[in-house]
Amino acid sequence: MSSAGKSPWLLHYNASSCNGCDIEILAALTPLYDVERFGIINTGNPAHADIFVVTGSVNEQNKEVLKNLYDQIPEPKVVLAVGICASSGGVFRDCYNVSGGVDTIIPVDVYVPGCSVRPEALIEGVVKALGVLEEKRAAVDNGGLR
Amino acid sequence: MTGKRTVVPFGPQHPVLPEPIHLDLVIEDEHVVEAIPSIGYVHRGLESLVDRREYSDFVYLAERICGICSFTHSSTFCQGVEGLMGIEVPARATYLRTMWGEYSRLHSHLLWLGLFADALGFESLFYNAWKIRESILNELEATTGGRVIQGVCKVGGVRRDVTNEFLSGMDKRLDDIEAEMQEMSKVFLSDYTLKKRLVGKGVLKTDAAYNLGAVGPVARASGLVEDVRTSGYLAYGDISFKPVTADGCDGYARCEVRCKELFQSVDIIHQIIAGMPEGDVSVPVKGNPDGEFFSRSEQPRGEVIHYLRGNGTKNLTQFRVRTPTLTNVPSLVAMLAGAELADVPQIVLTIDPCIGCMER
Ligand code: SF4
């Protein structure tokens, strides 16, 4: 495992969620669930992040923001769609201002189901994401970038 | 001497903001002259779905207006439909709704206190508040099955009953929770650094609060006695309580009001448990809503209004929500004028903005 693999940082963006999933993400960071034990720290700066955690569905106004944040995260990166809203639009998919899940704008690596998502499911998703991150990193290494 | 005016953008993605809101801050030297909000990053258009979802299904959507005040939204919506259809909800159900509503307030206030501590860089206090919040969520999960989205309200009552044994156990557990909250709020109310960053910051005078229509803890921290619970909806008519107010009119006062409301909620839950009536928790519902109705509740952030109109079919014809955060945005703009740029993040937080609710 490379050094960054031991301490992946996470960037969270709320696309248009109801907050339910967001507060569960925060709960997962706090002492009871404690994803920090995997070395994960919540950062506010995309340039420092390895894992992009998105909640909520996409609409016209936030899709640029989402794309922008994604582009600012250095390779290799993993995207986690958290909650059914982020996965598919969820209960709001018929709303006039919802254009669909996060994968309509940026590629998603791991989908975490739930409405709202449970912290346990989120932890499983993050652990999966770490695996994907390792694979991507290995691919970058073999590609001779270093 | 005054400097040149500059516009500094704040948000939509910002380290202190869990949710996106954007402010254009017009600054002169280091002072904010004007703050211009722009919203719409999390707008979904949920109200428009009423014509495609039956009123009984819409309860779930109403609950997802906001994940923090989820329970209060569902109960306010049900209360509206029940008002339209003239349904008499059993007393035990109104007591249970009141209890869950107060648990929601506890978890919401603890959530805010934690996030606020985090925004000021006081991480251990953040963890402490959220640790206590987990005990509240445990009670919610044990009684409703859900941590943040409970899905327990329905038109005509509630879906689950809580046994009396469980309720008396809850009484005891609340004492422990209360002791922990006591320790925590001591820090919030007397810590030197927190005080330095709150006292005299984000001032909203009483008459300004009144004129701008502030609601909830923002209004009460400016000395206004404003609390929908005093109207006696649900079981609040049987409960003795007094709205918590403070007269500091600043960020510290808003923090103080929320800290004190924690203990008020615990007290209300104790009264609910003591007075819990026996009987059914729901009544069968027949027919469709017709006419119009305003349903009001006191959410953790202030008064919420659901407006419903039906025409005798299964679908409502109109549904509108006015949430406390939107009502408090004019007050926020007033608080920011004249503030120092470095104080903006925590002043924004002191209104406890809930954007998910505001934009739906
Ligand atoms: S998945 Fe459910 S809880 Fe999560 S943001 Fe969407 S509506 Fe809210």
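Let's start with Glu47(B): at 9% relative accessibility, this residue counts as buried (buried means under 20% relative accessible area, exposed over 50%, and partly exposed in between, with a 1.4 Å probe and protein chains only). Keep in mind that this is a predicted model, where local features need pLDDT of at least 70, side-chain atom pairs count only at pLDDT 80 or more, and totals for chains, interfaces and linings use all residues. As for bookkeeping, residues are numbered from 1 along each chain as its sequence is written, chains are lettered from A and ligands numbered from 1 in the order in which they are written, and side-chain values use heavy atoms, with hydrogens and water left out.

Where does Glu47(B) sit in chain B? Look in the loop between strand 3 (31-38) and helix 1 (55-63) of that chain; helices (H or I, at least four residues) and strands (E, at least two) are DSSP runs, numbered from the N terminus. Leaving aside residues up to four places away in sequence, Glu47(B) touches Phe319(B), Arg320(B), Val321(B) and Arg360(B), where contact means heavy atoms within 4.5 Å.

The unreviewed entry lists Glu47(B) and Val321(B) under "binding site"; UniProt positions are given in the numbering used here, feature names are shortened, and annotations may be inferred rather than shown by experiment. The two span 275 residues in sequence, yet no two of their C-alpha atoms are more than 7.8 Å apart, so they gather at one spot. Val321(B) itself belongs to strand 8 (residues 316-322) of chain B and is buried, with a relative accessible area of 5%. Again not counting residues up to four places away in sequence, Val321(B) has contacts that include Glu47(B), Ile65(B), His73(B) and Arg360(B).

For a contrast, hop over to Lys196(B) in helix 6 (residues 192-198) of chain B. Lys196(B) is exposed, with a relative accessible area of 52%.

Now for chain A. Why is strand 4 (residues 78-82) of chain A described as largely enclosed by the rest of the structure? Because 5 of its 5 residues are buried. In a regular strand the side chains alternate between the two faces of the sheet. Here both faces are covered: Val78(A), Leu80(A) and Val82(A) are buried on one side, and Val79(A) and Ala81(A) on the other.

Strand 4 of chain A pairs with strand 3 (residues 51-55) of chain A in the parallel sense, over 5 bridges (two strands pair if DSSP finds at least two bridges between them). To get from strand 3 to strand 4 of chain A, the chain crosses through helix 3 (residues 63-72), and this β-α-β crossover is right-handed; that is, with the strands pointing away from the viewer, the path from the first strand over the helix to the second runs clockwise. Strand 4 of chain A also runs parallel to strand 5 (residues 110-112) of chain A, joined by 3 bridges.

Finally, the two chains meet. The contact takes 38 residues from chain A and 39 residues from chain B. About 3100 Å² is buried between them, with carbon and sulfur atoms giving 59%; buried area is the accessible area (1.4 Å probe) that two parts lose on being put together, summed over both. There are 3 salt bridges between chain A and chain B, each a side-chain nitrogen of Lys or Arg within 4 Å of a carboxyl oxygen of Asp or Glu. Asp94(A) forms a salt bridge with Arg53(B), the closest N and O atoms being 3.2 Å apart.
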